[in-house]
Amino acid sequence: MSGADSGGQSAISAVLRRASGPPYCPDSPVSDRPARHKSPAGRKSGEPEELMTPYRLSGAVMTHPKRRAAAERLARSAPPGALHVVMDPDPAGKPSVLRTALCAWEAIEDGATHQLVVQDDMILSDTFFERARLAIAEMPHAALALFALWDSRNGAAVRFGALAGARWVGAVNEYFPCVAIILPREVAAGFAAFGRRHLDSWPDDILMNRYLRANGIPAYVSVPSLAEHEDHGSISGNAFRGPRRSVCFVPRDVPGREGARLTDLRVLPFFKQGVAQCAVRLDEPADGAAPRPVRDAGRWLHLDCEQYLEGVGVRLGRRQSAIVRMAEVTTPEAAEGAWLTAFTMGFVQRRDGLRCDPVAAGPDDPAGPGPQGDAVPDAATDDVVPDPAVLAEALATVGPGGISYAQSEDRIAAQREELTRITLAGLAAGHEAGERARRARRALRNTPPVPHRGDRPAAEPHRPAADRTASGRAEPSRASPRASTCSAPAPRSANTSSAGWPTPVTPSPPWPTARPAVPPTHCWT
């Protein structure tokens with residue numbers, strides 16, 4: 001193993017060795033208002049179980065006649081009566097996921113407060129329904145996505161959540177994953193009406209994202225994913241994407257701590273279609289009173305990771321040969337993409353000090369806590385540590401997700417272990433760079449401002465533009481620091497103040513524009 005390799009392993013192994021809490025107990029009670037940051041398995045012997053809850057979940061498996069057997073098998077795997085099969089109402093028509101999804105949302109049972117809709121090609125975790133009920137009690141007004149793809153921006157948010165020990169992350173402005181999703185009853189009814197007005201427009205996950213944003217509905221994605229794709233083959237036109245796996249699926253995930261959330265992420269590194277990419281939030285939230293997961297929507301800039309790093313003053317130097325030496329099974333391109341994505345992830349996490357949000361006022365508060373940068377740390381979140389199994393799986397899918405568009409399941413599996421080692425090495429290097437940037441930022445905050453002409457007292461007489469020294473020679477005037485500030489908006493993490501970047505940025509646009517990662521229409525709202 002190379003030095004870089006072992007460095008990456010040692011940097012993460014300390015996190016992976018930390019305990020994640022008590023073991024899962026299938027007989028644990030699901031209460032109306034669960035204790036925050038405490039596993040439901042923590043009930044002592046002899047304590048009374050709370051059997052009543054104001055929330056009731058009904059569920060549907062949406063399917064097509066061609067996959068009816070798979071849907072019925074999935075329904076049988078759930079507790080009795082938890083899932084009912086809903087069939088495409090027009091199976092001979094043009095394939096439409098949305099058409100069937102709307103029927104599934106309208107199939108909510110009488111008396112149910114929430115509806116679960118799952119697609120027929122999913123595998124549910126062993127603790128799926130325990131976590132679902134706890135999450136509903138914690139966030140009864142929110143939309144809950146229980147799956148995120150391994151190469152998506154929401155998947156990148158899940159990885160940051162795994163690093164911070166969060167159980168949920170605020171959904172980002174991409175699309176809202178709909179392969180396994182829970183909505184409150186009134187939201188489900190509203191979306192069904194909205195979707196019927198847009199049947200021939202956008203896919204269901206994009207329409208869902210738009211509907212949730214337009215109506216100010218908080219939206220979260222689970223950490224880890226509670227469902228996984230079986231990939232029987234797509235009948236809705238997604239086969240070109242290759243294997244569509246979860247960013248992080250842990251079948252025996254321990255229920256509990258559903259209040260541990262991470263939101264307001266502003267930089268999202270992800271590896272997709274062979275390119276290490278980065279989504280960067282451009283604008284500040286317009287309304288500080290809006291629910292935080294809603295405020296997470298907005299304008300984002302799409303770059304590649306190297307462009308982002310150059311824009312914040314990080315020069316990687318010569319690294320290619322060292323990364324290539326780590327690649328024995330995978331390709332050099334895949335190795336570099338996984339390393340660079342992980343480096344950016346580690347840099348952002350350490351520089352911005354990402355941590356779980358302080359606990360909200362109560363489960364009935366849809367707005368959640370305030371911005372991380374203004375929040376006072378909460379004792380309940382100070383001791384949150386990453387779950388070793390969740391973190392290990394989240395990091396292990398960085399490389400496979402990035403090459404999934406062009407390689408078979410077997411070929412991806414053969415490269416997984418090596419790509420994981422490369423990812424760990426990149427993450428460790430990013431942590432080191434992020435720590436240096438954090439120290440530099442802290443030092444910059446503590447440095448007194450350099451006075452310039454604009455700061456002279458009004459009583460001081462006017463002096464010529466070129467100051468004269470004692471010898472009579474002209475002394476070059478110093479430009480105001482404000483004069484070298486880039487006019488383009490510079491995104492910054494909500495976890496930090498507006499003090500600036502870790503290293504001085506030269507008076508050029510903060511984001512290089514010569515090598516866009518996508519076509520010119522790379523900002524989305």
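Biologist: How many helices and strands are there in the protein?

Modeller: There are 15 helices and 16 strands. Helices (H or I, at least four residues) and strands (E, at least two) are DSSP runs, numbered from the N terminus. This is a predicted model, in which local features need pLDDT of at least 70 and side-chain atom pairs count only at pLDDT 80 or more, while totals for chains, interfaces and linings use all residues. Residues are numbered from 1 along each chain as its sequence is written, and side-chain values use heavy atoms, with hydrogens and water left out.

Biologist: What share of the residues of the protein count as buried?

Modeller: Buried means under 20% relative accessible area, exposed over 50%, and partly exposed in between (1.4 Å probe, protein chains only). Of the 525 residues, 51% count as buried.

Biologist: Among contacts between residues at least 6 apart in sequence, what percentage join residues at least 24 apart?

Modeller: Contact means heavy atoms within 4.5 Å. For the protein the figure is 77%.

Biologist: How is the packing of two helices described?

Modeller: Two packed helices are described by the angle between their axes and the distance between the axes. Axes are lines fitted to C-alpha atoms, for helices over the stretch in contact, and angles run from 0 to 180 degrees between N-to-C directions. Take helix α3 (residues 97-106) and helix α6 (residues 185-196): their angle is about 150 degrees and their axes are 9 Å apart. That makes α3 roughly antiparallel to α6. The cut-offs are under 35 degrees for roughly parallel, over 145 for roughly antiparallel, 65 to 115 for roughly perpendicular, and oblique for the rest.

Biologist: In which hand does α3 pass α6, and which residues meet?

Modeller: A crossing is left-handed if the near helix is turned anticlockwise from the far one by less than a right angle, and right-handed if clockwise. The crossing of α3 and α6 is left-handed. From α3, Leu98, Leu102, Cys103, Trp105 and Glu106 meet Ala188, Phe191, Ala192, Gly195 and Arg196 of α6. By class, this contact has seven nonpolar, one polar and two charged residues. Here Ala, Val, Leu, Ile, Met, Phe, Trp, Tyr, Cys and Pro count as nonpolar, Asp, Glu, Lys and Arg as charged, and the others, Gly among them, as polar.

Biologist: At what angle do α3 and helix α7 pack?

Modeller: Helix α7 (residues 204-214) packs with α3 at about 55 degrees, with the axes 9 Å apart. That makes α3 oblique to α7. Val97, Leu98, Ala101 and Trp105 of α3 make the contact with Asp204, Leu207 and Met208 of α7. These residues divide into six nonpolar, no polar and one charged.

Biologist: How many of the residues of α3 are buried?

Modeller: Seven of the 10 are buried, so α3 is largely enclosed by the rest of the structure. They are Leu98, Arg99, Thr100, Ala101, Leu102, Ala104 and Trp105. These buried residues pack against β1 (57-63), β2 (84-87), β3 (114-119), β7 (180-184), α6 and α7.

Biologist: Is aspartate 120 buried or exposed, and which side chain does it join in a polar contact?

Modeller: A polar contact is a pair of N or O atoms within 3.5 Å; within protein, one must be able to donate a hydrogen and the other to accept it, and residues adjacent in sequence count only if both atoms are side-chain atoms. Aspartate 120 sits in the loop between β3 and β4 (122-124) and is buried, at 4% relative accessible area. Its side chain is joined to that of arginine 67 by a polar contact of 2.8 Å. Not counting residues up to four places away in sequence, aspartate 120 touches several residues, including Val61, His64 and Leu74.

Biologist: Where is aspartate 253 found, and with which side chain does its own make a polar contact?

Modeller: Aspartate 253 is in the loop between β9 (227-229) and β10 (261-262). This residue is buried, with a relative accessible area of 1%. Its side chain makes a polar contact of 3.0 Å with the side chain of arginine 131. Leaving aside neighbours within four places in sequence, its contacts include Arg167, Pro224 and Val390.

Biologist: Which residue caps the N-terminal end of α13?

Modeller: Aspartate 387 does, with a side-chain oxygen 2.9 Å from the backbone nitrogen of alanine 389. In helix α13 (residues 388-396), the buried residues include Val390, Leu391 and Leu395.
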